[in-house]
Each structure stands twice: as C-alpha cells, then as structure tokens.
Amino acid sequence: MPRNVWVLSSISLVVAIGFGVVVPVLPVFAASFGADPLAAGAVVSAFAVMRFVAAPLVGRADDRFGHRAVLMTGLVVVGVSSALAGTAQSYAQLIVLRGLGGLGSAMFSVSGMTVLLASVGASHRGRAAGLYQGGFLVGAMAGPAVGGLLAGISLRAPFFFYAGVLGVAALCALGLTPVATTKTGERASAVPLRDVARDPRFRAACLAAFTQGWNAHGTRMTLVPLFVAGFLANDMVHAALITGVAMAIAAGVQTALVLPAGALVDRVGRRGPMIGGALLLAGALAATPWSPGSVVLTAWLCLYAAGSALIGTAPAAAVGDTGGGDRAIAVFTMSGDLGAILGPLAAGALAGLVGYPTAFGLGALLWLVTAAAATRMPRSAAPPG
C-alpha cells in the first residue's frame, strides 16, 4: 500500500480512539442537562448537520489550500470544539459546540477519502478502504472502554481526552504526500457528476452510506446507550460502562474481519458483500431491543459488526470505481451525514413515542432496502487498476 494509505490509517486510528471515548458518554451527558431521547439525539445530529452543510465546500478549500492543510485544520477544529464541549454548562452550549465539531469533521473526512481513493487503483480499493476502516476500528475498540472508565471519574473527562488525541492526529497528517486527484486542472478528466448519479453502483453506495449514518448515529450511538440505561443498568455511570465494554468487544470483531472483507470486495466485486452485509445488519438491529441482558446485547452488536465490516469497505470502493473524483466523494459523504442527521432525531422520537423495538425495526428496514438496491450493481469484480 502507498504511504498515504498508511498515514491516513494511522490518523483514523488516533481519531477513532478519541471519538470512541465520547460515544458511550455523549447521550448520557446530554441527558444530565435534562434532555429526553429526542433532544439527546439532536446533540448527535448537530455534528452531522454541520458535516452535511460543509462537505460541498471542502473541494474548493482543497483546491486553494491543498488536501493536507484542509485535513489538518479540520482535525484542529474538532479538537478545540471538543475541549470546549467538556466545559459546557447547558444543553444549548453542548449542541452548538458539537455542531462546530461537525464543520471540522467534514474537512477531515472528505479530504482524507479523496486522498485515499486517489492513492490506489481499482484492484486495491477494497483493501485500502479496509485498512483505513481498520484504523478507525482498532481505535473504536479501545475508545469506548476507556470512555466508560473515564465516565467513572467525570462525564466531562472524555471530551478533554478526545481533544488531546486529535492534536496527535493533526501531527500525523504532516506525513501525507501530494497525490494526483481530479481537482483543478485534472477535474475535466473525471466522470461528470450527473453521469455518476445514474450509475447503480453510486446510487447503492450512497444509500448504504445514508443507512449506515442513520443507524450508526441514530440507532447504535443514540439508542443503545439509552436502552442500556433504561433497561439493563442501575445508573448512568453503570450504563456508560456496559455500553463501552459491549461496543469495544464488537469493534474487536469488526477489526478482525475488515481486512478480509476488503480483500473479498476486491476479489468478488462490490455487489455480493454489500447485499450480505446489509442483511446481517438488518437482522442484528431487529433483534437488539429484545436483549434480556448485556451478554445477549453484546452478541447482537458483534453480528452488527460483522455486517459493518462488509459495508465499511464495499461502498467506498464502489464510489472510487465510478471515477467521479472529489465531487462524487463529497456527495457520498453527504449521504452518510444526511442519515446521521435524520437518524438520531427519528430514532429518538420513535423510541420515546412507541418504544425501542419500532425504532430499531425502522433501521433494519432501511438495511433491507439497501440490500435490494445493491442487487442492481454489476456482479463482476472491479477491473484491475
């Protein structure tokens, strides 16, 4: 793999450690200000709203300042906003600061994915995406457990830890080297976005990103901690610890599977892994709210992790195959952000109005729709390149 893939994977590892620390704490921290499930979901959505708004502008910033500068600036913005979130004295302050963090996250995500897919050919995109995703997963495996332990000290401590590791990630970005992307003079060689939008690979990938954003942020990140707090734990700190350990175990399973999944995506194509991954995710989500205890909950989260290993590699590789360049990547990223905006709000509202099984069931239904869309993709593997 080229140097940039390794550097970006290292950055993703460091970022995910910090992000994973915050995951089991954020909804509970919002609840400490009196937020109900819907309001707690809004805190998660605020981050995604700003990512969605900022994503179309990142390409222009890349043209003017370069991918590395934009990526590093984004990491610093998220770090500073996270440190300030740790000092929040009200729900309003928390939601504003999380939104500011989303602006920096868009800069990091779009620039990072553009460099990643431009650094490898089609025959290695699944493995590159798997290695990149693997960095996030290794960090996510350690992060939630550390977050649960830090929550025992203070619900604010994870935010300061997150800010510190993002500073380390910004330093890692100094190792990135220039790549030939489709920006500026080369943009004309990219497939026009209107043509990419008609490609069934791109459509299925964007739907997968939307559904993943909906469920990762709405169902998994928002509802699982609240479900644990309401049904499986004695108090908020205990809930954060149970959630953190369960998510860490699931992240370990996904980490073990993501590189083999990337190799599979390069060998057999994007279609089969996307269908199989979506079906696994649908089954895991539908079963989660019926968990009688933490052990069964962890088992369903591990099944979810297995599906996520496939979904974490195939859609990104499919977008790279379309040749749409950074504009296609921005739309792909925005699709995930749109799901992350709507998912926490819808899931939180449904959980509060009609119960957790319905909220989880809607997430499962979206994965079934994604599996159906993936059946329109080509059956063959990606061409060498």
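The legends below describe close-up views of a predicted model.

Local features are given where pLDDT is at least 70 and side-chain atom pairs where pLDDT is 80 or more, while totals for chains, interfaces and linings use all residues. Residues are numbered from 1 along each chain as its sequence is written, and side-chain values use heavy atoms, without hydrogens and water.

**View A. Helix α11, residues 271-287.** The helix has 17 residues, and its first and last C-alpha are 25 Å apart, close to the 24 Å expected at 1.5 Å a residue. The expected span is 1.5 Å times one less than the number of residues. Helices are DSSP runs (H or I, at least four residues) numbered from the N terminus. Buried residues of α11 include Arg271, Pro273, Met274, Ile275, Leu281 and Leu285. Buried means under 20% relative accessible area, exposed over 50%, and partly exposed in between (1.4 Å probe, protein chains only).

**View B. A nonpolar surface patch that includes Leu241.** Leu149, Leu241, Val245 and Ile249 make up the patch, with about 340 Å² of accessible area together. Areas come from the Shrake-Rupley method with a 1.4 Å probe, and for residues only the protein chains shown count as cover. Patch residues have over 30% relative accessible area and no salt bridge; nonpolar side chains (Val, Leu, Ile, Met, Phe, Trp, Tyr) are joined within 5 Å, like charges within 9 Å. A salt bridge is a side-chain nitrogen of Lys or Arg within 4 Å of a carboxyl oxygen of Asp or Glu. Helix α10 (residues 236-268) gives the largest share of the patch, three residues. Leu241 lies in α10 and is partly exposed because its relative accessibility is 35%.

View C. Rings of Phe, Tyr and Trp (its six-membered ring) pair if their centres lie within 6.5 Å; planes under 30 degrees apart are stacked, over 60 edge-to-face and the rest tilted. The count by this rule is four aromatic pairs. Phe210 and Trp214 have ring centres 6.0 Å apart and planes at 50°, so the pair is tilted.

View D. Thr333 counts as buried because its relative accessibility is 11%. Apart from neighbours within four places in sequence, Thr333 is in contact (heavy atoms within 4.5 Å) with Arg51, Ser109 and Val110.

How values were computed: Helix = DSSP H or I, 4+ residues; strand = E, 2+ residues; numbered from the N terminus.
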